[in-house]
Amino acid sequence: MHEISVAINIVEIAEASAQRNGTGQIQLIKIRLGEFTTIVQEALEFAFEIARQETLAAHARLEIEIVPMLVECLCCGAIPNPVRDIVLLCPNCGLQLQIVGGEEIQLEYIEVG
Amino acid sequence: MERIAIQTNVLKANQEAALENRRSFEQEGLLVMNLMSGPGAGKTSLLEATIRALQAEYQIAVIEGDLQTDLDAERIRALGSRAYQINTGTMCHLDARMIARTLVEFPVQELDLLVIENVGNLICPASYDLGESLRVVLCSVAEGPEKPKKYPVMFHKADVVLLNKTDLSDASGDDLRELEKNVREVNPRAFVFPVSCRTGQGLDEWISWLRARIATH
């Protein structure tokens with residue numbers, strides 16, 4: 001349950017950006033959340049309800065885009081998605097698969113006004 | 001309505017603090033191990049065995065992270081090594097800023113190895129870089145062989161995975177083999193050491209590996 005510290009980080013970054021731009025209330029916060037992270041969407045949404053209180057984001061909506069986990073083989077170029085059972089071995093050549101998507105916890109933009 | 005682009009990692013504040021920590025560790029030429037596992041996998045027992053084996057050759061100190069109590073730090077001090085206890089209260093992981101604050105009171109110059117024993121938890125510590133140079137994950141056979149698949153991020157990011165309590169493996173050794181297979185599927189690049197901190201089985205291989213890692217750091 002570290003979603004609360006993540007939610008606080010989200011609000012802090014959003015607030016700092018809104019203040020830099022000299023704008024008022026934050027209406028929307030858009031984040032991209034990878035599948036291969038330790039963050040659970042529902043827990044983050046719940047934590048955000050708490051973290052946003054008495055901030056510029058008090059009435060903001062949190063929009064979460066889930067980014068699927070994507071892998072590729074750097075050796076033979078295979079792109080065996082979706083990964084089944086989190087086996088990160090190339091089904092083609094047996095070497096290690098590289099994770100190229102799904103690890104992000106990224107704040108994309110805010111909407112203010 | 002106005003849209004402001006941000007494009008920032010949400011964990012940026014921690015990443016920046018971790019970078020600072022890493023820079024100061026590198027300046028000291030210090031090897032720093034972030035030791036992670038679920039509760040009761042045997043982190044402190046592993047540290048006791050490791051310190052006993054290496055303390056004649058190397059200066060080792062430990063930062064202990066727990067929600068409450070300084071029992072683990074006491075166990076390390078009983079061996080004659082320095083230990084600093086962080087109590088996180090309700091926090092489920094250590095973060096880079098906690099380590100930075102600790103370093104003010106707990107000097108790490110003159111050390112060869114600093115071990116940070118994280119809060120017992122296979123989830124949250126995986127997301128928080130502390131500035132370490134070595135990520136070690138410990139998992140006991142007694143926890144069940146499916147753990148690497150249930151907590152893949154933790155196992156995927158490890159440099160080393162130790163499989164503890166091999167003395168509790170079933171007679172056929174099937175559960176240990178299954179656990180090792182699952183680790184390798186989630187993380188093909190990790191060094192894997194089956195050990196028993198109780199009987200000492202397998203510890204020599206781990207100690208030799210770590211000794212070489214300290215010597216070449």
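Biologist: Among contacts in chain B between residues at least 6 apart in sequence, what percentage join residues at least 24 apart?
Modeller: The model is a predicted one. Contacts in chain B are considered here when the two residues are at least 6 apart in sequence. Of these, the share that joins residues at least 24 apart is 73%.

Biologist: What is the radius of gyration of chain B?
Modeller: Chain B has 8 helices and 8 strands. For its 217 residues the globule rule gives 17 Å, and the value for chain B is close to that, so the chain is as compact as a globular protein of that length. The radius of gyration is 18 Å.

Biologist: Is Ala49(B) buried or exposed, or partly exposed?
Modeller: Ala49(B) sits in helix H2 of chain B, residues 43-54. A residue is buried if 20 or more other C-beta atoms lie within 10 Å of its own, and exposed if 12 or fewer do. Ala49(B) has 19 such neighbours, so it counts as partly exposed.

Biologist: Which residues does Ala49(B) touch, not counting residues up to four places away in sequence?
Modeller: The C-alpha atom of Ala49(B) is 9.0 Å from that of Ile207(B), 158 residues apart along the chain. With residues up to four places away left out, Ala49(B) touches Cys197(B) and Leu203(B).

Biologist: Which element gives the most to the side of chain A that touches chain B?
Modeller: In the contact between the chains, 29 residues of chain A meet 25 residues of chain B. Helix H1, strand E1 and strand E5 of chain A each give two or more residues to this side. The element that gives the most, with 8 residues, is E5(A).

Biologist: Which residue in E1(B) is the bridge partner of Ile110(A)?
Modeller: E5(A) pairs with strand E1 of chain B, residues 2-9, in the antiparallel sense over 6 bridges. In E1(B), the partner of Ile110(A) is Ile4(B).

Key:
Residues numbered from 1 in each chain as written. Chains lettered and ligands numbered in written order. Predicted model: local features only at pLDDT ≥ 70, side-chain atom pairs only at ≥ 80, totals over all residues. Helix = DSSP H or I, 4+ residues; strand = E, 2+ residues; numbered from the N terminus. Rg over C-alpha atoms; globule rule 2.2 N^0.38 Å. Contact = placed C-beta atoms within 7 Å. Pairing = 2+ DSSP bridges.
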